[in-house]
Amino acid sequence: MRFSVTIPAYKGKYLRECIDSVLAQTFTDFELVIVNDASPEDLGAIVNSYHDERVRYYVNETNCGAVDVVDNWNKCLSYAQGEYIICMGDDDRLLPEALQLYDALIESRPGLAVYHGWTELIDQASKSHDMQLPRPEYESAYALILHHWTNGRQYIGDFVFHTETLRANGGFYKLPLAWGSDNITAVIAASKGRNGRNGIANTQRLAFQYRVNPLSISSSGSMQMKMDTIGKERAWYEAFLRQSATDAQEEKIRQKLMAELPHYFLLKYIYCIADDLPHGNVLGKLFHWLRHGKDYGLSVSSVLYAFFIYMKHRFRR
């Protein structure tokens, strides 16, 4: 079997739309693995309304939850029987030719451990409102990081992993709330490679649709946990970038990444605080971060910049 499309499911609102997008693929050599994370909603009623032998449905005995959602990603991985695996959100969609595009990309760039689909962003009404910037057909692991840090917006459903290599790498990299887990997993796959071939290949046509909606896991969890997770993500990249590259051009990219790293993670902290300010008394939150920002290496001016971002966003509404 070529592909395992997996859905770690918890919410029912868009699940049928998600499943329909998978079953509508023009490339048909796939299985659809749905793992219900002990949801309080009746997801079984939705899944069991489909009579397609490619659909396999499992229910967790206990809930992994938002903090440990990567555990459910890895549950999906444990059930996967396909040569390649996609792990998509229960509210996202594959475009009809996605698997066909991935299959062609794998044939043209064989032996890699990870591939990436050009992604469109959709809203709660399933209407397109933005997309990722186009990327070259091939990138190194360092170029993958640089693209993400420069242009942002990558999601776990964007990626296609070689299943056995992903398992050999320890599965999806776990961080609380899955913050940074998608990108670190992809960087590991691109850097370790497969069959001596490193890097990542990108489709040149849109393949995936990521839904931007307030029910996403990134909207949950405590602020301290989010700030601590940013610190863990930063520590991983610092360790990864510590080793010199063997190629001169790659070494230049590595050095650029090392130079950009402090600024990139400073902004992550700042935007995290800006997102936190409206949740409660704004001035109370502001004074809290003015007192405790130093715990994360933030200056008073950095916290005030977060307040500026919040105010700018508020008056733009």
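The structure holds 21 aromatic pairs; rings of Phe, Tyr and Trp (its six-membered ring) pair if their centres lie within 6.5 Å, with planes under 30 degrees apart counted as stacked, over 60 as edge-to-face and the rest as tilted. This is a predicted model, where local features need pLDDT of at least 70 and side-chain atom pairs count only at pLDDT 80 or more, while totals for chains, interfaces and linings use all residues. Residues are numbered from 1 along each chain as its sequence is written, and side-chain values use heavy atoms, with hydrogens and water left out.

I'll start with W73 and F172. Their ring centres are 5.6 Å apart and their planes stand at 80°, so this pair is edge-to-face. It links distant parts of the chain, 99 residues apart: W73 is in helix α3 (residues 69-79), and F172 is in the loop between α6 (163-168) and α7 (181-192). Helices (H or I, at least four residues) and strands (E, at least two) are DSSP runs, numbered from the N terminus. W73 is buried at 7% relative accessible area, and F172 is buried at 2%. Buried means under 20%, exposed over 50%, and partly exposed in between (1.4 Å probe, protein chains only).

Next, Y84 and Y115. This pair is also edge-to-face, at 6.1 Å centre to centre and 75° between the planes. Y84 sits in strand β4 (residues 84-87) and Y115 in strand β6 (residues 114-122), 31 residues apart. Both are buried.

One aromatic cluster is formed by Y142, W149, Y173, W236, Y237, F240, Y264 and F265.

Now the cores. A nonpolar core is a set of buried Ala, Val, Leu, Ile, Met, Phe, Trp, Tyr and Cys residues joined through side-chain atoms within 4.5 Å. Which residues touch the most other members of the largest one? Of its 57 residues, they are W149, F161, F172, M227 and Y237. Helix α9 (residues 248-276) gives the largest share, 10 residues. Apart from this core lies another, of 37 residues, including F3, I19, M88 and Y102.

Back to W149. Leaving aside neighbours within four places in sequence, W149 is in contact (heavy atoms within 4.5 Å) with Y237, L241, L257, E260, L261, Y264 and F265.

Last, a charge over a ring: R211 lies over the face of Y14, 3.7 Å from the ring centre. The criterion is NZ of Lys or CZ of Arg within 6 Å of the ring centre and within 35 degrees of the ring normal.
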